[in-house]
Each structure stands twice: as structure tokens, then as C-alpha cells.
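Here is a protein model to look through. The questions ask what stands behind each label.

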Amino acid sequence: MVATPSVMLPLGTEIPDFRLPNATDGRIVSPANYRGAVGLVAMFICNHCPYVRHVLPEVTRLASEYLPKGIAFIAINANDVDAYPQDAPEHMANLAKDLGWIFPFVFDEGQEVARAFHAACTPDFYLFDEEHRLVYRGQLDGSRPKDGSQPDGADLRAALDALIAGKSIPGKQKPSLGCNIKWKPGSEPEYFRRQVP
């Protein structure tokens, strides 16, 4: 598998605004729904990507552990479902239900939100503080599919624990690696074209 790395949006960036439908119930979700949360994890994922499938159990564990600590979670799928129908909203809803997710899994059909985040791959993780400023972006941990390791969420967990404790989060952060976001034909953003020759 050829992996695409995160673009690494600058730390301190305010979360892009969006209004997207939750695949499980159709409810419109926006960052404004999570004002007052200690932090907000936004992640770009999809159903079919082997890199995502590798980390899904750990994502589910993280949410179960950190939601009670005041951390909100939003999963976003921006893939072109005409080319990848397995990533369509009905399959998103089934995945969320199968994993027991109680956080939204929203569909970015127009891919504008992915562009606003400078998202490049699945999975791609972003952590925003209570002011909705970016404090962490990059990998969940150092594990990868077929490398013999199991995901433990070490990198994102360290950032979450520091945020909850009111400590600074180190600025040296490692990009995520995964399948590239499946852009609609001819719509790849400039930052992505620079990232993937």
C-alpha cells in the first residue's frame, strides 16, 4: 500500500465551521454543538480504507474513555461515493451502529469541509481545545496495517491527557499515514496535489 501523509494544518488554527448530516440519524452537526467541551477530536475516516479499519477498535476505545472526560468526537467521511460506494452514508450508519458509536459520523458530500481542514488521508486526526483552536494533528499512534503492531492510540492519548490536565502539548507531532481522500474527478485541492506528486 502506498500511504499518503497528513498535510499538518498549522497549530492554533481555528476549527473550520461546517454543517454536515450525521449518517445515523440525519441530524445536522456543527462545531457549535460542542462549545463548552474540554476538547474536540475531529477525524477523517471512511469504511473501506485498510488504515482506518486497522485503527477503528482503538478509536472506539478512545471515545468510550474520553467522552466522559469532556472530550467530544466527530468522524467525517469526505470520500467520493460514486467511485467508492462502500463509503456511502448507509454503510457509514451501519459501521457506526456496529461499533456502538454515540458520536456523529458525518458525510461531507461536497468535500468542502475536507478542503477547509486540509485533510489528505484516512485516517487523519485533529484535536481542538475548548476555544476550538488546533493543538494536535497527525497520527493516532505509530502502528500501521500489517506491521505486526496493534494500535494503542499513544500519540493522540498523550495529547488528550495533556489537554485535560491543562499542560502544554508538544509541537513536534507526527503525520498520520493512510489512503488518500478519494476526491471527485478533477477536484483535488492544490495542497493535496503538492502532497502527492
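Q: Which residue is the bridge partner of Pro5 in strand 10?
A: Leu177 is the bridge partner of Pro5. This is a predicted model: local features need pLDDT of at least 70, side-chain atom pairs count only at pLDDT 80 or more, and totals for chains, interfaces and linings use all residues. Residues are numbered from 1 along each chain as its sequence is written, and side-chain values use heavy atoms, without hydrogens and water.

Q: How do you know that strand 1 and strand 10 pair?
A: Pairing takes at least two DSSP bridges between the strands. Two bridges join strand 1 to strand 10 (residues 177–180), so the strands pair, and they run antiparallel.

Q: Why do strand 1 and strand 7 count as edges?
A: The open sheet has the order 1-10-7. Strand 1 (4–5) and strand 7 (121–122) each have a single partner strand, so one side of each lacks a neighbour in the sheet.

Q: How do you know that the span of helix 1 agrees with its number of residues?
A: The expected span is 1.5 Å times one less than the number of residues. Helix 1 (residues 50–66) has 17 residues, so it should span 24 Å; its end C-alpha atoms are 25 Å apart, which agrees.

Q: Where does helix 1 have a kink?
A: The kink, about 45°, lies at Leu56, shortly before the proline Pro57. The bend is the angle between axes fitted to the seven residues ending there and the seven starting there.

Q: What makes Tyr51 a buried residue of helix 1?
A: Buried means under 20% relative accessible area (1.4 Å probe, protein chains only). Tyr51 is among the buried residues of helix 1, as are Val52 and His54.

Definitions and conventions
Helix = DSSP H or I, 4+ residues; strand = E, 2+ residues; numbered from the N terminus. Buried < 20%, exposed > 50% of the residue type's maximum accessible area, 1.4 Å probe, protein only.
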